[in-house]
Amino acid sequence: MIITPVSSSSPVVFPMETRYRPILESLVPRDPLTQFHLRRGSPDDEFPDLCRNSTWMGRILTPAMYRRQFDRCTHSGVMFDDVIRPGLEEPGDWSGPVSVGCVAGDAQSYILFCDFFDRVIEAHHEHKIKSQTPESDFNYDNLKGGDDLDRSFAARCEVSVVRGVEDFCFPTHCSRGERRQLLTLARKALQRLEDEELPGRLVLIEELNQEQQRELNLNPPSSTQLRTGMARDWPDARAVWVSNDGSLMVWVNMDDHLRLVSTRDDTNITEAFKCICIHLQKLEGFYRELRHPFIWKQQLGWVTSSPADVGTGLRIRVHLKLQHLPKHRRLQDVLKRLRICMDRPDTDVSPESPALYRVSNVATFGVSEVDLTQLVVDGVKLLIAMEKRLEGGGDIDDLVPTQK
């Protein structure tokens, strides 16, 4: 069956939120937590020590900003200290990539604590928040060159996207009951996907042995996930849906409500992106029919628990075999100009042989899905061209791009 690419359906619009956002931003409600008689000091007494904190939270948060957030609490009970806890638990390393250092407990967090979250989002994604986020673009036919990466250097690729579901708290704050309701919704939506589009099966994590979990690249919860509450009650109501042809996996209640993943060993980013586009839009329609649409904010786009994923929620990862480029003096400058990042997941490799490096996009906000994927495709091709040049003993200064 030939599937014609379609544009993304218009996201749910919340006119009241748009109209009253300025009021919400300036509103400092009476602290609803006073009824619990929490033994909290003043904002100045409670302000965290951030002198060795390298996260965006640690760089942006000031005592004055903390005072403004101190007496605020969302309807589901998310306090500002809940928001900044990840950055306090993992303060980061000044020599490494900068993490956001914060998390939203629910969708309302982005509104109530917007003067903090907006600054973090703008700093991390290097893009100003405007009155309207770019429209979604799932027309995969507009992607160029994603199907012909040099297999001598490209080992595999992965395209993934995360979504939050309306009316539920995010994983760091949701209850067991909410998590189980989310699993029930996922069962219904994925059953529709099986019946109409793509056969597959849903498996509960608690039913998998260790070998089966390794086959699915499922790692035990990290210490950070445990400390921030993301992995509470593990593995209760966590599941993975796998298509029969292996083209798509859907993680349920893992790091977010939903994560769709398409991995290809032939490094065909175009096909992986196409798979995500088609089935994400299908699931979006099913969740709408279930009256729990994906969470969308006019100024931020699609939002989930991490501000590092707002906008598109899209991640494109390509594994490259590189030997010379990682040692080059201008590598970090090149990566910054291309707006991509590179890390080395495997460290047990001889310096004389090529190692496997993972290249991915840094930002998810401020560009459309097609443009973001194109950015990674173009960046990967340039890195491969540089590796070839260095392999032949040449110089790469003339290949260094201008800032994206």
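I began with a pair of facing residues: valine 203 stands opposite valine 240 in β3. The two strands concerned, β2 and β3, are joined by five bridges and pair in the antiparallel sense. I note here that I am reading a predicted model.

Next I followed β3, residues 239–243, to its other neighbour. It pairs with β4, residues 249–252, over four bridges, again in the antiparallel sense. I looked up two facing pairs here. Tryptophan 241 stands opposite valine 250 in β4, and valine 242 stands opposite methionine 249 in β4. β3 and β4 form a hairpin, and I found five residues between them. In the turn, glycine 246 has a positive phi of about 75 degrees.

I then sorted its residues by direction. Ala239, Trp241 and Ser243 point one way from the strand, while Val240 and Val242 point the other way. All of these residues are buried.

Entry on the sheet.
I traced the strand order as β2-β3-β4-β5-β1-β8-β10-β9, an open sheet of eight strands with antiparallel pairing. At the edges are β2 (200–204) and β9 (340–343), each of which pairs on one side only. From one strand to the next, the twist averages 20 degrees.

I then took β1, residues 154–163, and checked both of its neighbours. With β5, residues 258–264, it pairs in the antiparallel sense over seven bridges. Glutamate 158 has threonine 263 as its bridge partner in β5. With β8, residues 314–322, β1 is joined by seven bridges, and these two strands also run antiparallel. Arginine 156 has histidine 319 as its bridge partner in β8. β1 is mostly covered, with seven of its ten residues buried.

Entry on one residue in the sheet.
I picked tyrosine 357, which lies in strand β10. Is tyrosine 357 buried or exposed? Its relative accessibility is 11%, and buried means under 20%, so tyrosine 357 counts as buried. Leaving aside residues up to four places away in sequence, I listed what it touches: Val318, His319, Leu320, Leu322, Pro326, Met342, Asp343, Arg344 and Pro345. I looked at leucine 320 in particular. Tyrosine 357 and leucine 320 are 37 residues apart in sequence, but 5.2 Å apart in space, C-alpha to C-alpha.

Entry on helices against the sheet.
Helix α8, residues 176–196, lies across β2, β3 and β4. It runs at about 160 degrees to β2. α13 packs on the sheet as well, touching β1, β8, β9 and β10 (355–361). The direction of α13 makes about 10 degrees with that of β8.

Entry on helices against helices.
For these I looked up two values each time, since two packed helices are described by the angle between their axes and the distance between the axes.

α12 (residues 331–338) and α13 (residues 369–391) pack at about 155 degrees, with their axes 10 Å apart. Angles over 145 count as roughly antiparallel, and α12 and α13 are therefore roughly antiparallel to each other. Their crossing is right-handed. On the α12 side I found Val334, Leu335 and Leu338, which meet Leu375, Gly379, Leu382, Leu383 and Met386 in α13. The residues of this contact divide into seven nonpolar, one polar and no charged.

α4 (residues 63–70) and α7 (residues 114–125) pack at about 135 degrees, with their axes 9 Å apart. That makes α4 oblique to α7. Met65, Arg68 and Gln69 in α4 meet Asp115, Phe116 and Arg119 in α7. By class, I noted two nonpolar, one polar and three charged residues in this contact.

Last entry, on the whole protein.
I noted 13 helices and ten strands. The protein has 404 residues, and buried residues make up 50% of them. I also looked at contacts between residues at least 6 apart in sequence: 75% of these join residues at least 24 apart.

Conventions: Residues numbered from 1 in each chain as written. Predicted model: local features only at pLDDT ≥ 70, side-chain atom pairs only at ≥ 80, totals over all residues. Heavy atoms only, no water. Axes fitted to C-alpha atoms, helices over the stretch in contact; angles between N-to-C directions. Parallel < 35°, antiparallel > 145°, perpendicular 65-115°, else oblique. Left-handed = near helix turned anticlockwise from the far one by under 90°. Contact = heavy atoms within 4.5 Å. Nonpolar A, V, L, I, M, F, W, Y, C, P; charged D, E, K, R; others polar. Buried < 20%, exposed > 50% of the residue type's maximum accessible area, 1.4 Å probe, protein only. Pairing = 2+ DSSP bridges.
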